[in-house]
Amino acid sequence: MSTLSSFDPIQVIRKRRYGPGEHSDEELQWWIESYTNGSVPDYQMAAWLMATCFRPLSRNETAQLTNCMVQSTPGGPLQWNKGTNPQTMAALVDKHSTGGVGDKVSLILSPLVASLGVGVPMISGRGLGHTGGTIDKLESIPGFDTQLSTADFQRLVAERGAAMAQAGPELCPADRQLYALRDCTSTVESIGLQTASIMCKKIAEHPDSLILDCKYGNGSFQSTAAAAGELAVNMVQTGHANGLEPTVGFLTQMSQPLGTAIGNWLEVQECLEIMELYKTRKPKETNGTVDDNAPIDISPTTHVTDARLNYDLICLTCLQAGQMLLQSKLPQYQDQTLSELTQLAYDHLTQKPDTLQMFWDMGKAQGAKGDSIQDWYPQAFEIYQGVDIVAPTTGRLIEISTTQLGLLANVSLGAGRKQVHESVDPYAGMLLRCKLGHQVQEGQPMLTLYAPKEKITSAVMEQVARCFTIQQNDGEEAAPLKPVVTHVVTLEDGVQEMSWEELAPCFHKLYPNEVYHHRRSE
């Protein structure tokens with residue numbers, strides 16, 4: 001039974017709306033506990049939530065609200081017995097993304113970092129609206145179980161080095177109740193409420209440290225870098241205030257889908273193919289001898305990976321992997337810079353089978369069926385006949401309406417959902433055939449749709465086509481674009497812009513110079 005003093009709900013609401021001063025820690029704790037146990041009704045909490053939109057929570061209030069949500073977890077934050085397996089438990093680092101279209105980084109990042117000796121306990125969510133969800137993507141793999149008990153989740157991290165699961169009902173139940181209310185009262189956008197909702201689950205998960213991917217642009221919830229920076233600063237401060245040290249954020253652009261694929265299985269396939277890049281040469285008979293340097297024939301009609309299109313996905317994944325290695329504080333990584341560790345992660349991903357093997361081992365441990373990764377493939381290209389959306393004119397692709405494209409993929413084609421309880425079609429989606437800055441020819445495919453025939457209506461095709469803006473060539477060189485990652489956010493320095501010179505050689509190698517005009521590494 002709670003020993004907290006009792007407060008007047010009306011006065012709590014009035015203080016939030018009009019002031020003066022801040023809520024005390026005890027007041028916020030009583031408020032959240034009373035709402036969770038039903039003493040404070042929805043209509044009073046809804047009024048308080050709306051008041052936070054007019055009079056935002058302070059840094060201290062945000063940190064305390066987050067802590068209250070964490071403490072609603074029975075038993076409090078997870079406790080990790082690092083003596084269970086020192087090889088996998090010496091350092092535990094997780095990441096969180098604010099979500100976007102085609103954001104599949106976690107699928108590669110988790111096994112990549114784990115294969116380099118850093119434990120990755122990752123609790124993820126489902127997609128909603130225009131965004132995709134890691135859990136939906138994993139569940140497109142036959143048998144992959146993301147509904148793990150706390151004990152199984154911790155056991156798999158100790159045994160395998162990584163586990164990917166959804167938050168169970170016992171994890172931060174106060175947040176689960178509040179989020180449902182925020183969703184139907186138009187209070188989702190409050191920075192303090194966003195921060196508390198995101199961070200409470202990560203703090204309850206209790207890794208040693210955390211990295212954040214805060215997206216901005218027309219395919220994210222924050223439209224500008226300034227808005228994403230404000231959210232990132234709040235989350236970094238809250239992470240440190242609750243023991244996740246360090247918590248470091250990156251601001252990343254979502255002005256176009258990340259990588260090539262949009263849709264659950266298609267995104268998994270793209271990631272599997274990237275994790276197989278170490279196979280980019282295969283034996284081939286040449287004049288009666290085996291040529292180990294012969295390239296693999298990757299056809300874009302049957303494969304998702306295209307180095308011309310998913311350079312941003314690969315580079316962002318390796319950058320975040322480098323930061324996680326740096327934050328691990330393991331001795332083998334402490335004398336290296338972020339750029340060096342990013343390149344180390346890239347070389348490891350593209351030259352060794354370890355990442356793919358780790359993903360396979362994790363999948364099998366979580367119930368995935370089959371004797372090999374090929375058994376996971378559903379022949380999605382045979383399930384649905386692809387329908388191309390072609391360029392209406394020749395010119396340069398200068399804009400993609402990314403949010404609208406995500407909504408069309410998720411809602412119109414069935415790859416996502418409008419409400420949490422809805423099911424998804426794991427094989428529906430889209431494949432990009434070009435990206436911002438690319439020259440396209442009239443009649444050239446810009447994107448391919450995969451869905452049941454009855455869903456690819458002429459109206460849907462017209463809406464998809466309108467998501468692409470092509471500028472006819474006028475003879476002038478286009479302004480250079482910025483890379484996917486633009487800023488880093490730390491407790492000490494706040495939001496700092498990142499320059500091309502700071503980025504690892506893999507960025508300079510993979511990013512097309514004709515579009516980004518960067519200085520390539522020697």
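These legends walk through several close-up views of one predicted model.

The model is predicted, so local features need pLDDT of at least 70 and side-chain atom pairs count only at pLDDT 80 or more, while totals for chains, interfaces and linings use all residues. Residues are numbered from 1 along each chain as its sequence is written, and side-chain values use heavy atoms, with hydrogens and water left out.

**View 1**
Start with β3, a strand that has 5 of its 5 residues buried, so it is largely enclosed by the rest of the structure. Here buried means under 20% relative accessible area, exposed means over 50%, and partly exposed lies in between (1.4 Å probe, protein chains only). Helices (H or I, at least four residues) and strands (E, at least two) are DSSP runs, numbered from the N terminus. Strand β2 (residues 120-124) runs parallel to β3, and 5 bridges join them. Two strands pair if DSSP finds at least two bridges between them. Find Ile-123, and you will see its bridge partner in β3, Ala-165.

**View 1. The largest cavity.**
How many cavities of 30 Å³ or more does a search of the whole structure find? There are 2, and the largest has a volume of about 100 Å³. On a 1 Å grid over the protein atoms alone, a cavity is a set of points where a 1.4 Å probe fits but cannot get out, and lining residues have an atom within 4 Å of a point. Grid points are joined across faces, edges and corners, and a volume is the space filled by probe spheres set on the points. Ile-123 and Ala-165 are part of this lining, and others among them are Leu-78, Phe-153 and Glu-170. The elements that give two or more residues to the lining are α8 (150-160) and β3 (162-166). By class, the lining has 7 nonpolar, 4 polar and 1 charged residues. In this count Ala, Val, Leu, Ile, Met, Phe, Trp, Tyr, Cys and Pro are nonpolar, Asp, Glu, Lys and Arg are charged, and the others, Gly among them, are polar.

**View 2. The second largest cavity.**
This cavity has a volume of about 90 Å³. It is lined by 18 residues, and the closest to its centre are Thr-131, Gly-132, Asn-264, Glu-267 and Asn-410. Helices α7 (134-138) and α12 (264-275) each supply at least two residues of the lining. Its residues divide into 4 nonpolar, 11 polar and 3 charged.

**View 3. Strand β11 between two partners.**
In β11 (residues 429-432), Gly-429 and Leu-431 point one way, Met-430 and Leu-432 point the other way, and all are buried. Strand β6 (residues 261-262) runs antiparallel to β11 and is joined to it by 2 bridges. Strand β13 (residues 445-450) also pairs with β11 in the antiparallel sense, over 4 bridges. Keep an eye on Leu-431: it is the bridge partner of Ala-261, and it stands opposite Thr-448 in β13.

**View 4. An open sheet of three strands.**
The strand order is β12-β10-β14, with antiparallel pairing. Why is one side of β12 (439-440) and of β14 (468-471) left without a neighbour in the sheet? Both stand at the edges, each with a single partner strand, so one side of each has no neighbour there. Strand β10 (residues 395-400) pairs with β14 over 4 bridges, and Arg-396 stands opposite Gln-471.

**View 5. Helix α6 and a residue of helix α3.**
Helix α6 (residues 105-115) is mostly covered, with 11 of its 11 residues buried. Just after α6, Gly-117 takes a positive phi of about 95°. In helix α3 (residues 42-54) you can find Thr-52, which counts as buried at 2% relative accessibility. Leaving aside neighbours within four places in sequence, Thr-52 is in contact (heavy atoms within 4.5 Å) with Arg-16, Leu-57, Ser-190 and Leu-193.

Cys-506 is in no disulfide, and the nearest cysteine sulfur, that of Cys-315, is 4.5 Å away. Is Cys-506 buried or exposed? At 1% relative accessibility, Cys-506 counts as buried, while Cys-53 is partly exposed, with a relative accessible area of 34%.

Key. A disulfide is a pair of cysteine sulfur atoms within 2.5 Å. On a 1 Å grid over the protein atoms alone, a cavity is a set of points where a 1.4 Å probe fits but cannot get out, and a pocket is an open set with protein on both sides within 12 Å along at least five of seven lines; lining residues have an atom within 4 Å of a point.
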